[in-house]
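This briefing concerns a predicted model. Please consult the sequence and the structure shown below alongside the points that follow.

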Amino acid sequence: MMPDLLAGFAALVLLSVAAGLARVLRGPTAADRMMAAQLLGTGGIATVLLLAAALDMPAAVDVALVLALLAAFAAVAFVKGASPEGTGDPEEEA
Amino acid sequence: MSAWDLFTLAAVAAGAFFFLAGTVGLLRFPDVFTRLHALTKADNLGLGLIVLGLLPRAEGVFGALKLVAVWLLALLAAATVAQLVARLARREGDAGA
Amino acid sequence: MADGLADGPWAELLVALPLAGMLLALPLGGRQAHRLALLVLAAGPVLALLLAAQLWQGGVVGVALGGFAAPLGIALRADGLSVLMLLTTAVVLCATGLAARAGFAPRPGQGETRAGLLFWPLLLALWGALNAVFLGNDLFNLYVALELLTLAAVPLVCIEGKPEAVAAALRYLLFALLGSVLYLLGAALLYGAHGTLDITLLAARLQPGPATWMAGALMTAGLLAKTALYPLHLWLPPAHAAAPAAASAVLSALVVKASFFILLRLWFDVMPALAGLGGATLLGGLGTAAILAGSLLALRQERLKLAIAYSTMAQLGYLFLMFPLAGGGTEAQPWSAGAWTGGVLHAVSHALAKAAMFLVAGLVLQAAGHDRIRALQGLGRAMPVAVFAFGLAGLSLMGLPPSGGFVAKWLLLTAALASGQWWWAVPMLAGGLLAAGYVFRLLNPALSAGEGQGWRPVRRRWQAIPLALALLSVALGLAPLLPYLLLGLGRSPAAEEGLG
Amino acid sequence: MTSAATLYGLAGAALVGIGLYGLAVQAHVLRKILAFNLIGSGVFLVFGAVAGRGGGAGGGDPVPQAMVITGIVVALSATALAVALALRLFRETGRVTLPPDPPAGARDG
Amino acid sequence: MTALYLLDLVLVPAILLAACTAVGTRDRFAAVVSFIVYGLLLAIAWVRLGAVDVALAEAAIGAGLTGVLLLGALARMGRRADEAAAAGPPGRTLRLGAAALGAAVAAGIAAAVLALPEPAPQLSGAVAEALPALGLGNPVTGVLLAFRGYDTLLEAVVLLLALLGIWSLAPDPAWGGLPGLRHRARPEGVLAWLGRLLPPVGIVVGLYVFWVGADRPGGAFQAGTILAAVWILAVMSALVEPPAVRSLALRLALVAGPALFLAVGFAGLGLAGAFLGYPAAAGWAKPLILLVEAGLTLSIAATLALLVAGTPERAAG
């Protein structure tokens, strides 16, 4: 019962964030696309945690941990990638 | 089904609701700043609630700490993105105008 | 003593030693890398001969790496075909290593340079990868070895930093990657169907079925892209022509043969029944197209290295005539072994001859500063030994006696006539004539009595390196018995009796 | 488990198809590299299907799983080299696409 | 568990959709972002399939490093109009042909997957039988470091070769110098803050993933990738500069792992009677495997970090 319900919630969370793919596609700005990816990242982490509980695979929590660590990494890379030559910082006054 | 299970289900359900709300905001709000605003609140709360709900099922103290670490790291990433993306959006807006 | 030699870990060393040399070269730095590399390369022929002795005394050499027997572990396996390819590889790499000192050894008093360091570990890795391919008996391990080969070969193409070489290298990389990913997909399906990727076990377990056929088709397609068989040849001429001559020699002589070698293993050892679906005829047809198109294109080139590269495309075509000629009906056929041996001998003699030709082209570039064929008048007087070596290597490409190319083509021709498939003889003969055409066209200006103005002198000992390779390619025709006997060791039943 | 593994294997097949389409259609080098990575991960999913069909705990057969990890690392290596080549090509020539196929029998290299 | 099929019903279409977006969209930035999302979804799929080791590798490499590589390259090649855009969308014939080809190949593979035999032939049993002798609990680590250690050795060399290839593209005057361009960040800004905060956390996570790898999912490749990622983050936050490629310490770090693996392999010739073998005496195999893994983690971290840092472009100061 419990595993089924947790897996069901995993599916629900994934479904709701996957809709964010539309924003990745539509934009219009790079910032929009990044935010959508961020939402998918957080939702993906939640999905993995729920799956780990549903499948009773505690090791899978490590996957969520790595995803969370790399979410920050990807965020920085996104922002860098949107700056010319890929080396800037949006906080610098141009 | 134990009381802890009910707690888990309630927290997870609330978390899932916030994810849903975040997506609706992302898709429906008119401009990049309001979208950002909606999003950062929603997904962090959502993940936080789900982590909270799963805590009783964690394998030991270490497992629980790991769950909390996941949430903190995600929070950190979200905060960074919010800050940097806002700057970026402002600059993109300037360039577009 | 003899026992100790026969039991030595020669197969393992042939893979491990080049890799160890490559790893050591990096911290050693650019001043010493070439010395280390030449030392390691010099051990190659010795190790290959020791392995040959081992094979001769005890039959097919099998090594379970880590002591884990297949299907759990990975096995190395050396039969006559492997050993012949390993020997050829060792010889060609020694020669190119020596020749490459001209371009990639540090000048006295100079610090570490980019190419002066990186060329050597790349060359050693390439050698290790080739050995791993020729010894591999596990289809997934062969995938890793092929990727190792690709990632060593691609940087060698553009190590001189010319823009056109960068474009050629990128195109080469994309083709090679597509080829290996298709190959890997086939391997996945084979594992799913049979629970192992060990070639010997697979051959015993193979059940025909959709998964097996699809796997065979995907792996064949991937390997054809890597072997640059017509019409997947587009990447080869620019890459082989843009690379520095020493690298071109290895690429044309050996690297394309590695994927062909796996194709042989796949068709003759793993799934001989593939041929029954008309696959053998298709490969033969594509080979025919490669011979004709490659030769005609080679005839039209203005640059020496491009012409040699197109000739590689043509010569690779002959290898694919093996498939229809060694196959056919349902019962054992006497000519199959001849066709198979002829094809393999062709691969070896082409390797030696083509390496010699590219090394000569390198000397031409060194002497003249360009390789425009028409402007090479009088080169024969400036560097007679090199031009002679080019001519000898040309004999082998044309298939004239007494060269190794002659024996190889003669065996293939005999098989074509004996099996009643005379039509395969037509491209062989036409290809020989066309090869004569382009070789003479390349030699003509060099032999003409033009005024040889402004050649930079090239020492005899540099010219001796391609000559040695060309002489070996001819000697293969004078003493074909030894490789012939070697090839018989551990030959698969399909190679003896025919595909299908 | 078995049928789920097969489902992901079928998804892998579709991904190979999508990647092949992208490789053929997109001209930009980075897009080609991206498409190649799609094909690669499709192949890995087929391996995953092969591993998972065996059932059992922990994703089934560990051998194909190990092969996928090896494959992921190899694909990353190749991607990194391809990206570096593309950047070098761009710096030298300003191009973001491969030059058109060499004309057959080009008169001068 | 039927609800899992509900998840499959969401996950598989999402993966395919992300793949289509990555291939099809006009905007290149959107394509790369889709690709990163795609990597994330694949990591979830591997968890779903129970292959946590693979999920870790996919999360770290597929979603992380590959995406960052592509993003960095895209930024340098410019998002402005160029000949790829000028050529206009690909022709209708090409698109139809490519679609037909892709569909045909996909259908062929699908048919082959559906035709795979039941019960599936596999090696789980053989691995489980041989694993206790090595003292390991994680079968995937057993396959990677022992049973198919030869593959892993070659793979580590492949990684290093890719780096040599990238280095070989350096302009000659910059040889020996620093890879990539100099990153900028406002000293008190968010970037610099994150760059100081995350690396210690990342190092702990990386070492943890390495350490548990012997007995549960994790290992050298996943750990090395995490360590590389936090180092790259520090570089992007302008806190550290990548080392000059002429540095001996760097070169030693790059070759240490594969060299150690080879050395243990040679030792196996004497101790275990087979190249790449581990001594049969009880208790010897696991420490040796951990030693090799430690070396590999270091080298993989260094190699991956420099792979992303790119070609040397700046002469060392």
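How many residues does the largest nonpolar core have, and which of them have the most contacts inside it? In this predicted model, the largest nonpolar core comprises 501 residues, and those with the most contacts inside it are A:L49, C:L148 and C:V157.

- Leaving aside residues up to four places away in sequence, A:L49 touches A:V61 and A:A64 in chain A, and B:I50, B:V51, B:L54 and B:V70 in chain B.

**Contact between chains C and D**
- Chain C contributes 30 residues to this contact and chain D contributes 35 residues.
- On the side of chain C that touches chain D, the elements giving two or more residues are α6 (139-157), α7, α10 (236-242) and α12 (279-300).
- Of these, α7(C) provides the largest share of that side, 16 residues.
- The class composition of the side of chain C that touches chain D is 24 nonpolar, one polar and five charged residues.

**Annotated spans of chain D**
- An unreviewed UniProt entry places the feature "transmembrane region" at residues 6-24, 33-54 and 66-87 of chain D.
- Residues 6-24 of chain D are 100% helix and 0% strand, with the end C-alpha atoms 27 Å apart.
- Residues 66-87 of chain D are likewise 100% helix and 0% strand, and their end C-alpha atoms lie 32 Å apart.

Methods: Residues numbered from 1 in each chain as written. Chains lettered and ligands numbered in written order. Predicted model: local features only at pLDDT ≥ 70, side-chain atom pairs only at ≥ 80, totals over all residues. Core = buried A, V, L, I, M, F, W, Y, C linked by C-beta atoms within 7 Å. Buried ≥ 20, exposed ≤ 12 C-beta atoms within 10 Å, placed from the backbone. Contact = placed C-beta atoms within 7 Å. Helix = DSSP H or I, 4+ residues; strand = E, 2+ residues; numbered from the N terminus. Nonpolar A, V, L, I, M, F, W, Y, C, P; charged D, E, K, R; others polar. UniProt positions renumbered as here; feature names shortened; annotations may be inferred.
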